[in-house]
Amino acid sequence: MRRVLPKYKGRGRFVQLVALHKKITDDALAMRKDVESVLTPVSQRRYSGPSMYIAPFLSRLNEVTIPFKVHNELIEDISVDPAGLELTAQWTPIWLKTKPRRQVDIHLEWHVHPRGRRCGVQTEDWQRRHFYFWSYLMHELAHRHQNNHRSDDVDAQKFIPTADEDDDVRDLQMYLGDFDEVEAYAHDIALEMVVWFPTLGYRAAFSQVKKFRHNLVDGSYPIFAVAFDKAPKHPAMVLLRKKIQGWYRIMDTHRNIYRTLQLGPL
Ligand SMILES: [Zn+2]
């Protein structure tokens, strides 16, 4: 199949993206074997019954991720379905952290209902968990390395929100209008294109993720774009599209890395 790629402008930025991609994937590949000893579809064989307790699972996962400064935390959350599990993630600069986890800068939060505390161990459950673990982790690794590249006296740049009537939309635009966030979201979207639609070219894969609907997961593009529904030409959206093209071009030539991480369609 011929892949059609729009022309990518701005050579300097592209080189930076190549360097960032290498740092993210180097980190991910360094962790891969250790993580896979705990988190793979094969691990389900360790569990009898249709579900497992999350707390002991996360303890085992932490044994292998904390050496890489990544911590997994169990969060009780009444908004989550008692049978469900939701992942969130954040990166915080190390200097903000207090002891004893001073070295940890990436936090993956596993939300479960207080009455739940268990999650499914079917192959599809593991596949989604596995995909989102790596996707969220790589998003935060992007922030880790974006920050390493910046001198201390420079803040990340931000776009000005345009929504002035709806405070929620304005807050969302404020958060997503951060240059680093645009770049990291574009990473997630390109990853979904490459991994979920491996046989499609750029244009077809992009149109798939734009309208992505799934009963259990949300695609990254719709999550981002909803903030700019009424402002499709907002500079954050323009940059997002440019960055998606950049990330896709790089990931497309490094598909072997994502195969090594065992990422596939959900
Ligand atoms: Zn982010």
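Which exposed residues does the face of helix 2 turned away from its buried side carry? Before the answer, a few conventions are needed. The model is a predicted one, in which local features need pLDDT of at least 70 and side-chain atom pairs count only at pLDDT 80 or more, while totals for chains, interfaces and linings use all residues. Residues are numbered from 1 along each chain as its sequence is written.

The chain holds 9 helices and 5 strands, where helices (H or I, at least four residues) and strands (E, at least two) are DSSP runs numbered from the N terminus. Read from that terminus, the elements follow the order α-β-α-β-β-β-β-α-α-α-α-α-α-α. The pLDDT, the predictor's confidence in each residue on a scale from 0 to 100, averages 87 over the chain, and 87% of the residues score at least 70. Over residues 1-10, however, the pLDDT is below 50, although this stretch has 16 contacts in the model beyond near neighbours in sequence; a contact requires that the C-beta atoms of two residues, placed from the backbone, lie within 7 Å. Where pLDDT is low, the predicted coordinates should not be read in detail.

Three strands form an open sheet of mixed pairing in the order 2-4-3, two strands being paired if DSSP finds at least two bridges between them. Strand 2 (70-76) and strand 3 (86-91) stand at the edges with a single partner strand each, so one side of each is left without a neighbour in the sheet. Strand 3 pairs with strand 4 (residues 106-112) in the antiparallel sense over 6 bridges, and Glu-86 stands opposite His-111 in strand 4. Helix 3 (residues 123-148) packs on the sheet, where it touches strand 2, strand 3 and strand 4, and its direction makes about 15° with that of strand 3; axes are lines fitted to C-alpha atoms, for helices over the stretch in contact, and angles run from 0 to 180 degrees between N-to-C directions.

Helix 2 lies across strand 2 and strand 4, running at about 165° to strand 2. In this helix Phe-57, Leu-61 and Thr-65 are buried, that is, 20 or more other C-beta atoms lie within 10 Å of their own, whereas exposed residues have 12 or fewer and partly exposed ones fall in between, with C-beta atoms placed from the backbone. The face of helix 2 turned away from this buried side carries the exposed residues Ala-55, Pro-56, Ser-59 and Glu-63, which answers the opening question. In the chain as a whole, buried residues make up 29% of the 266 residues.
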